[in-house]
Amino acid sequence: MEKYHSFTMDVPQIQEDDSIITTNFNANMLSPTFSSSSSSSSSSPATTLSRYENQKRRDWNTFGQYLRNHRPPLALSRCSGAHVLEFLRYLDQFGKTKVHTQLCPFFGHPNPPAPCPCPLRQAWGSLDALIGRLRAAYEENGGKPETNPFGARAVRLYLREVRDSQAKARGISYEKKKRKRPPQLPPQQTPLQPPAPLS
């Protein structure tokens with residue numbers, strides 16, 4: 001079994017729901033760079049955040065908890081693409097997507113007829129969406145785009161590698177599907193009617 005990291009983690013259980021990685025963190029938890037003044041806003045009427053914004057906040061909190069539990073603890077300003085890759089590999093233990101190994105008889109079958117001992121991983125789509133949210137959260141919390149670890153080349157290459165390997169192992173294609181346009185009906189021509197006789 002591969003060993004991805006040499007540190008212990010106390011991150012709460014992470015679950016996958018509708019291809020979105022969710023955590024059971026308290027939504028009011030402070031993110032790594034939120035100021036403590038944001039907690040004083042609890043007395044004012046709460047604004048309803050979209051599902052995307054709530055998910056982004058939970059993901060940001062999860063990553064902040066990961067940095068705090070890192071051995072040694074890691075400051076966000078010192079975080080690099082390599083640390084993001086560590087985080088993504090750590091999340092694999094909570095994955096629910098069966099990824100067949102090349103030795104598995106079901107390798108390349110989208111719907112295996114029987115169970116197999118192949119590992120569960122985070123689905124590529126979940127990781128891709130997660131990185132998109134974290135990349136946006138990093139910049140919203142004061143990070144500069146040019147130093148954004150979630151946009152690092154190594155992270156992009158890793159996601160591409162996961163996509164390609166999962167596509168082969170699961171026998172599915174991740175190519176963007178073109179939207180089917182409804183068939184265009186030719187304009188109906190109304191039969192010409194003779195002009196009404198003048199009286």
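Colleague: In what order do the elements of the protein chain run from the N terminus on?

Modeller: This is a predicted model, in which local features need pLDDT of at least 70 and side-chain atom pairs count only at pLDDT 80 or more, while totals for chains, interfaces and linings use all residues. Residues are numbered from 1 along each chain as its sequence is written, and side-chain values use heavy atoms, with hydrogens and water left out. The protein chain has four helices and four strands, taken as DSSP runs numbered from the N terminus (helices H or I, at least four residues; strands E, at least two). Their order is β-β-α-α-β-β-α-α.

Colleague: What share of the residues in the protein chain is buried?

Modeller: Buried means under 20% relative accessible area, exposed over 50%, and partly exposed in between, with a 1.4 Å probe and protein chains only. The protein chain has 199 residues, and the buried share of them is 35%.

Colleague: Which residues of helix α2 are buried?

Modeller: Helix α2 spans residues 81–91, and because eight of these eleven residues are buried, the helix is largely enclosed by the rest of the structure. The buried residues are G81, H83, V84, L85, F87, L88, Y90 and L91.

Colleague: How are α2 and α3 oriented to each other?

Modeller: Axes are lines fitted to C-alpha atoms, for helices over the stretch in contact, with angles from 0 to 180 degrees between N-to-C directions. The axes of α2 and α3 lie 12 Å apart, at an angle of about 140 degrees. Angles under 35 degrees count as roughly parallel, over 145 as roughly antiparallel, 65 to 115 as roughly perpendicular and the rest as oblique. The two helices, α2 and α3, are therefore oblique.

Colleague: How are α3 and α4 oriented to each other?

Modeller: Helix α3 covers residues 124–140 and helix α4 residues 153–170; their axes come within 9 Å and cross at roughly 160 degrees. That angle makes α3 and α4 roughly antiparallel.

Colleague: Which residues of α4 meet α3?

Modeller: From α3, the residues involved are W124, L127, D128 and I131. By class, the residues of the contact of α3 with α4 are six nonpolar, one polar and two charged. The α4 residues are V155, L159, V162, R163 and Q166.

Colleague: Where is C104 found, and with which residues is C104 in contact beyond its neighbours within four places in sequence?

Modeller: C104 is found in the loop between β3 (97–98) and β4 (120–121). Its relative accessibility is 9%, so C104 counts as buried. Leaving aside neighbours within four places in sequence, the contacts of C104 are C116 and C118.

Colleague: How many disulfides does the structure hold, and how far from C116 is the nearest cysteine sulfur?

Modeller: A disulfide is a pair of cysteine sulfur atoms within 2.5 Å. The structure holds zero disulfides. C116 is accordingly in no disulfide, and the nearest cysteine sulfur, that of C118, is at 3.7 Å.

Technical notes: Contact = heavy atoms within 4.5 Å. Nonpolar A, V, L, I, M, F, W, Y, C, P; charged D, E, K, R; others polar.
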